[in-house]
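Colleague: I would like a close look at one part of this model. Please take me through it step by step, and then show how the surroundings are built.

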Amino acid sequence: MAEEECFDVLTRTGEKTGVAKPRSLVHRDGDYHRAVHVWIYAESTGELLLQRRADCKDSWPGLWDISSAGHISAGSSSLLTARRELEEELGISLPEDAFELLFVFLQESVLNEGTFINNEFNDVYLVTTLEPIPLEAFTLQETEVSAVRYISLEEYKGCLCREDEAYVPYEISGEYGQLFDIIERRYQVDEEQRCLSLQKKLSRYAPIHLHAELLGLSEANQEALIFIIKAATIIDDIFYRQVWKCNQELRDWLKKSSDHSTLNKLKWMYYSINKGPWSVLDEKMAFLTTADSAIKLNSDCTKPVPGWKGLEYKASFPLRKSLGASFYPSDMEKAEFELWKRNLSKEDQKAAAGYFSVIRRRGELSRDSASGLSKANPDDLVMVPFSEQYRPLLDEASTLLRKAAELSDCLSLRKLLIGKADALLSNDYYDSDISWMELDSKLDITIGPYETYEDELYGYKATFEAFIGIRDDVATAQVKLFGDSLQTLERNLPLDDKYKSENVVAAPIRVIRLVYNSGDVKGPQTVAFNLPNDERIVSRWGTSMVMLKNISEAKFQHILQPIADVCIEVGQRELIDFDSFYIHTLCHECCHGIGPHLITPPSGQKSTVRMELQELHSAIEEAKADIVGLWAVKFLMNQGLISRNFEKSMYVSFLAGCFRSVRFGLNEAHGKGQALQFNWLIEKRAFISLPNGKFCVDFDKVEAAVEGLSREILSIQANGDKTAAEALLRQYAVLSQPLKSALKELENIQVPVDIVPTFSFPDKIMNGLR
């Protein structure tokens, strides 16, 4: 006799209790558990596929129901269950990108005179095909399904409304009605309205043109630049995959169809800014639907049918971007990851939470073959290093960097390029990051996996990026004092002395004029970065900083100055200036390199701030760098290193900058961190919201308020106190009424939120790129 299937028992709110019980007992006792519903929708005919439940079923026998459905076994995952049920019940084997998770529905019912209690959390998936699947292509599981047929969306909806006894009942005026609403909205296309919506979204970005000024760059490095830019375009391809595994296919599809209509062109333009179907400035909600997505052909996912080329489906994506991007299985829960990680060796635990790997399921690694679903323990998590996950692309990028190194006449640049070429293939970036910090070249290159903003699940995994610029030697010499002051700043931080480091290394600062960027540069553009993030390097060697001066100039001109004209009280508006904005940006980046990094939290186990704060780390760290950067500017003034002429202008420029960053959205680390600071300073009356809708700085209160928030955040980091970090963000990282009023006014007069650069190159470079 076959062993009875077990289910994970859940709480009333859907969390796992840690208990698993046999199926019969779960339904006898009314335990909450999980299941999947999979709907197949034919786009051309507007029909849903229904299955007739087998007469032997213990619930709703002989009635028409969902295309495919089934329970999630104890320890199993949602997505693999959805794929498995579709294959077992209907004989359709599809890859995971065919399955769109629409919503989770709680179904509570009592059947069979009280002997069958069904309290079920259902993950509702949609598979969108272009045409109906021929009925002869199905292979039905006789113990589950007796027949299949297609029915129009409207007819099926009507049957449920009438409570037709031939159909399993669903309350479509309740939660389950979302299924119909989502599909109907998706295909009620008003092209003119969609065009206007996308044009409005695009208008939030001010276009700027960046011209590559190669003056002072040697002939040899101009030749090397061609291969470096080619390598950077490959870095872009990797980043698209890191955001979402089918992102490259969607990109190619939208680009190919962009000249078919005005709407398609606008889709492509806005997609190019966001590097995905989710709008960075709209809390990462999708601005496209699966109906806009790439069409994929799977010719062998069913039994063959003469004259039928196979199943064409739309590559799906969720309405809201996955918190784990494509670094983790899309249906992985944090508890599952933690349990798996706990059973690894200490070395593997460190790697699993490290920057340079992705987490996959065993079954997912063979997702293109039906046999992958039946392997032993297909749900088990496995770790795959970047060097394996992206190997073909990394091979190509590595080769191009080596060619660039052969051409360059700068020793430190050659060393960097060769080191990065090696690191891409070895997955060990330590030595190459040291070489990056030591770079002394007119042609300035940053390339590799660095920032962890995309990993909103944990903040562990790094994304690939590339920044190519020409060093501004005069500006670089002018800012040297900031990097040289780090140990002094560390020693005087508003933080208990026991948490301070005596080994802060001076941060080299390079000012460049950006020539080209790629990879993790979607949405709002960065004006500076402080790298590396590897705590081993930071603790021993410090960090290095790159300022993108032409990007800063463009943001000040197109964004900050217009914001000040709208939001700042006229009496303080004249205090806004570029130098104050630029100096604070410098101090912001410097302050990433000071304060707690390697820590010993109350547990007594050595750790890092990133590991302890996990998904909260990015927002807290950006807030820290911002507010401590403001404290640092005032401290350096008191030391006579910066002119006091900037004292008032730096606070007013910072106030105007709050509105700039919050417009990035509270789901973005910089926006969330900025909201935290603004609301704290408003509460302390350091910033004043005036009756006329304008804002000003109270110069008598702002210094103490800045120091107070700096102390609060630094102490949270020093203790690795995630609970305190959550409380601070919950209270202050919100869209308060003063922020709402200011943002509404900025939207009304259409002040751009950010810039979007286009890059132009001299003919020689262009010919080489071709």
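Modeller: Gln614 has a relative accessible area of 14%, which is under the 20% cut-off, so Gln614 counts as buried. This is a predicted model. The phi of Gln614 is positive, near 50 degrees, although the residue is not a glycine. Gln614 sits in the loop between α23 (609-613) and α24.

Helix α24 covers residues 617-638 and gives 12 residues to the largest nonpolar core, the most of any contributor. That core has 169 residues, and Phe482, Phe659 and Phe687 have the most contacts inside it. Of these, Phe687 touches Phe678, Leu681 and Ile682, among others. Its partners also include Tyr651, Phe654, Leu655 and Cys658.

Phe678, Leu681 and Ile682 are among the buried residues of α26. Helix α26 runs over residues 669-683 and reaches 21 Å from its first C-alpha to its last, close to the 21 Å expected. Because 12 of its 15 residues are buried, α26 is largely enclosed by the rest of the structure. After α26 comes Arg685, with a positive phi near 65 degrees.

Asn427 is not a glycine either, and has a positive phi of about 70 degrees. Asn427 lies in the loop between α14 (411-426) and α15 (430-437). With 16% relative accessibility, Asn427 counts as buried.

As for confidence, the mean pLDDT of the chain is 92, and 98% of its residues reach 70 or more. Over residues 367-376, however, the pLDDT is below 50.

Terms used:
Residues are numbered from 1 along each chain as its sequence is written. This is a predicted model: local features need pLDDT of at least 70, side-chain atom pairs count only at pLDDT 80 or more; totals for chains, interfaces and linings use all residues. Side-chain values use heavy atoms; hydrogens and water are left out. Helices (H or I, at least four residues) and strands (E, at least two) are DSSP runs, numbered from the N terminus. The expected span of a helix is 1.5 Å times one less than its number of residues. Buried means under 20% relative accessible area, exposed over 50%, partly exposed in between (1.4 Å probe, protein chains only). pLDDT is the predictor's confidence in each residue, from 0 to 100. Contact means heavy atoms within 4.5 Å. A nonpolar core is a set of buried Ala, Val, Leu, Ile, Met, Phe, Trp, Tyr and Cys residues joined through side-chain atoms within 4.5 Å. Lists of a residue's contacts leave out its neighbours within four places in sequence.
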